[in-house]
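Please keep the sequence and the structure in view while reading.

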Amino acid sequence: MKSRAAVAFAAGQPLQIVEIDVEPPRKGEVLVKITHTGVCHTDAFTLSGDDPEGLFPAVLGHEGAGIVVEVGEGVTSVKPGDHVIPLYTAECGECLFCKSGKTNLCVAVRATQGKGVMPDGTTRFSYEGKPIYHYMGCSTFSEYTVVAEVSLAKINPDANPEQVCLLGCGVTTGIGAVHNTAKVQPGDTVAVFGLGGIGLAVVQGARQAKAGRIIAIDMNPEKFELAKVFGATDCINPKDFGDKPIQQVIVEMTGWGVDHSFECIGNVKVMRAALECAHRGWGQSIIIGVAGAGQEISTRPFQLVTGRKWMGTAFGGVKGRSQLPGMVEDAMKGEIDLAPFVTHTRPLEGINEAFDLMHEGKSIRTVIGY
Ligand code: NAD
Ligand code: AHE
Ligand code: ZN
């Protein structure tokens, strides 16, 4: 079938809106009509060429919501008409990782996903007879996409897709990082570095967890208004402190540092600052941001010797098929507030503007409606 798609033909180039060919779903696969997709910073990261797994040409996009159109052989957990969210972290329930009960990092389709192909090693997308790669097992920048059955969460059909698409990545990642990874407790002190979609979701999660002080940090003070709406108690801009390291500022604000810090930018220098503002003896720092190829983190080992923990999280530790439907219900009950994240909406033709708005710091999320 034909599908309108925004194709990344080469790194660093704007996406091109073209009509691609999409093959029917094969065994264990599902054809989904995407109705809405968010644009996450990770899409921009991969488009920039900094992603070691970045492949071109590709259909990017991994923060979508849609409706099942057709299922391949053997698919039993979804049927045409079901409302779904594609998952870049699958959940097969059968692999070593799923069975461990210790992680959401299912490996069922991860290897082929990273190579931009379906589990059988081939792609369902082509343009003018030439193959186009899939992306993160989702490729939500195409109106029609094919994903593995294990990469689909079936959700309440009454949910607002323009908002719940954000549970496909950003909001789930931030909220999940607070509850599943850091396990923030009432009264805990939290620092959040970077107030985009991820950082603001961390702020919201910290308030849900009844954190005491929530310190929000960004170089763009325009992000502070929404951070306060979501529960930030202090908003600080590193530029206001001259040469003073921001970790020192936060330690001085809190006495000994924060119980939990979250890096939501992808900047290895900020990752260090986030670790070093954690409380002596027990503070922990969670890396959420994705850093480019060749980048490495560093700190004095003494920071760890003296009791700080350095951790990371993917998709907020959330198991997509078993836990995401419940998060959609939480959003429908108002227990997760999604509306403020959607600062802009655009048709597919406006997708490059969505990237521009992100880079200019003007948007939190632009949601593309097909
Ligand atoms: P975004 O661009 O919307 O937000 C980033 C924010 O960081 C902006 O507000 C920006 O002003 C701020 N910032 C940039 N440099 C800064 C600095 N030096 N100090 C303080 N603030 C600074 O991005 P996003 O969509 O929220 O994504 C954030 C990061 O999280 C990206 O690296 C993305 O790839 C990553 N991510 C990771 C996961 C995961 O599962 N681990 C999931 C989603 C996104
Ligand atoms: N491909 C990159 C890593 C990118 C990365 O870390 N992705 C996050 C999700 S970002 C969502 O916006 C993630 O979940 N990683 C775990 C995984 O299995 O991909 C690289 O460095 O190669
Ligand atoms: Zn994302």
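The crossing of α5 and α6 is right-handed; a crossing is right-handed if the near helix is turned clockwise from the far one by less than a right angle, and left-handed if anticlockwise. Helix α5 comprises residues 170-182 and helix α6 residues 197-208; they pack at an angle of about 40°, and their axes are 7 Å apart. That angle makes α5 oblique to α6. Angles under 35 degrees count as roughly parallel, over 145 as roughly antiparallel, 65 to 115 as roughly perpendicular and the rest as oblique. Axes are lines fitted to C-alpha atoms, for helices over the stretch in contact, and angles run from 0 to 180 degrees between N-to-C directions. On the α5 side the contact is made by G170, V171, T173, G174, I175, A177, V178 and H179, and on the α6 side by G197, I198, G199, L200, A201, V202, Q204, G205 and A206. Residues are in contact if their C-beta atoms, placed from the backbone, lie within 7 Å.

The model is a predicted one, in which local features need pLDDT of at least 70, side-chain atom pairs count only at pLDDT 80 or more, and totals for chains, interfaces and linings use all residues. Residues are numbered from 1 along each chain as its sequence is written, while chains are lettered from A and ligands numbered from 1 in the order in which they are written. Helices (H or I, at least four residues) and strands (E, at least two) are DSSP runs, numbered from the N terminus.

An open sheet of six strands has parallel pairing and the order β12-β11-β10-β13-β14-β15. Its edge strands, each pairing on one side only, are β12 (234-236) and β15 (309-312). The twist averages 20° from one strand to the next. Helix α5 packs on this sheet, where α5 touches β13 (260-263), β14 (284-287) and β15, and the direction of α5 makes about 135° with that of β14. Strands pair if DSSP finds at least two bridges between them. Strand β11 (residues 214-217) is joined to β12 by three bridges, and A216 stands opposite C235 in β12.

A further open sheet has four strands in the order β1-β2-β6-β7, with antiparallel pairing. β1 (2-7) and β7 (130-132) each have a single partner strand, so one side of each is left without a neighbour in the sheet. Here the twist averages 50° from one strand to the next. Six bridges pair β1 with strand β2 (residues 16-22), and R4 stands opposite E19 in β2.

The surroundings of the ligands are considered next. Ligand 1 is surrounded by 33 residues, of which H41, G194, G196, G266 and V290 are the closest. Elements giving two or more residues to this shell are α1 (41-48), α5 and α6. Around ligand 2 stand, among others, C40, D51, E53, R110 and V290. A residue is near a molecule if its C-beta atom, placed from the backbone, lies within 6 Å of it.

Finally, two backbone details deserve mention. Most residues other than glycine have a negative phi, and most peptide bonds are trans. A cis peptide bond joins F56 and P57, with omega about 0°. K183 has a positive phi, near 55°.

How values were computed: Two residues are in contact if their C-beta atoms, placed from the backbone, lie within 7 Å.
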